[in-house]
Amino acid sequence: MIWAAPSPGLLAMLNNAADAPGNNPSAPNFSGQRCFADLLPRVLSAIVLTAAAVVSVWQGGLVFDLIWLGAALAVGCEWQDLIAAPHRRLRFFLLALGLVVSAFFAGKAWFGAACSVLGGCGLALALAAGPGRRIWAFGGIVYAGLLLVSAGALHGSAEYGARSIVWLFATVWSTDVFAYFGGRAIGGAKLWPRVSPSKTWSGTLTGVLAGASVGAVIGAHGLGDPWRALPLFALGLAAAAVSQGGDIFESWVKRHFGAKDSSGLIPGHGGFMDRLDGFIAAAAFAAIVGAARGGASTAAGLFDWF
């Protein structure tokens, strides 16, 4: 059988028919499936992280120390990996050594010794990192150590320890959530587009106000005197603003090294630095304020105002 080429008229008719509305099946739209595929790991990861945080406070003791030591190790390793300095394994060993020993001292409320260990291992890290990365390597163990020491100092109070961590959770998490939705709903001018392109002034202010409000309500719950929520609200405004500053700081560090996420350890969320940046800053701020007030404990300095 000999194949004959179709005539030009027939080709034109086929082309016209193909271009006619309704004759072509629409291309399958996978955007909804992709959105769901992205959302599911984010939700599952958020549930696991939230559960770990709540369990750490609920169980306390060794469980609290181990969970937050693990978080600090993850943050520190991500930082050391991000700066791409030489002697990677040696730096990871020095980081782990410093954090584990300082966690032991912090668990016994020997915070001076814990900070000294972090400083000594930080100097060794700086030497291992070599020129151009020494300050960054030292800063990494300080950054991870802030999380460890601050959380330990606050949680060490028998009366207010768990309450202080829960207050931080409520303040920081509410700030993040309301900043996201407030920025989406209101829009407007960007806060610092070069460093954090998605942050807006409207979202940041909404988040700070909401975080302080939710934190004050939860932090003062069960204390009896409702007036105790007022200083917590004022303190929450500062802590929420500092947490947003911590978020911006971590974004600046990532941009400096050309990274979008600190790692891929948490499906849908990036790394532990990405999730804990605001909490690290707020916890350090709360620990400094609580200690500076000279109360019965670091956490008591946040709640005893009258």
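Select H3, helix H4 (88-107) and helix H6 (134-155): each supplies at least two residues of the lining of the second largest pocket. Helices here are DSSP runs (H or I, at least four residues), numbered from the N terminus. This is a predicted model, where local features need pLDDT of at least 70, side-chain atom pairs count only at pLDDT 80 or more, and totals for chains, interfaces and linings use all residues. Residues are numbered from 1 along each chain as its sequence is written, and side-chain values use heavy atoms, with hydrogens and water left out.

Stay with this pocket. Its volume is about 280 Å³. Of its 17 lining residues, show those closest to the centre: Asp65, Ala106, Gly107, Gly152 and Gly156. A pocket is an open set of points on a 1 Å grid over the protein atoms alone, where a 1.4 Å probe fits, with protein on both sides within 12 Å along at least five of seven lines; lining residues have an atom within 4 Å of a point. A volume is the space filled by probe spheres set on the points, which are joined across faces, edges and corners.

Next, the largest pocket, with about 1,900 Å³ of space. It has 49 lining residues; select Arg42, Asp176, His269, Asp274 and Arg275, which lie nearest its centre. Then colour H7, which gives the most to this lining, 10 residues.

Finish at helix H10, residues 272-292. Just after H10, click Gly294: its phi is positive, about 65 degrees.

Technical notes. Expected span 1.5 Å × (residues − 1).
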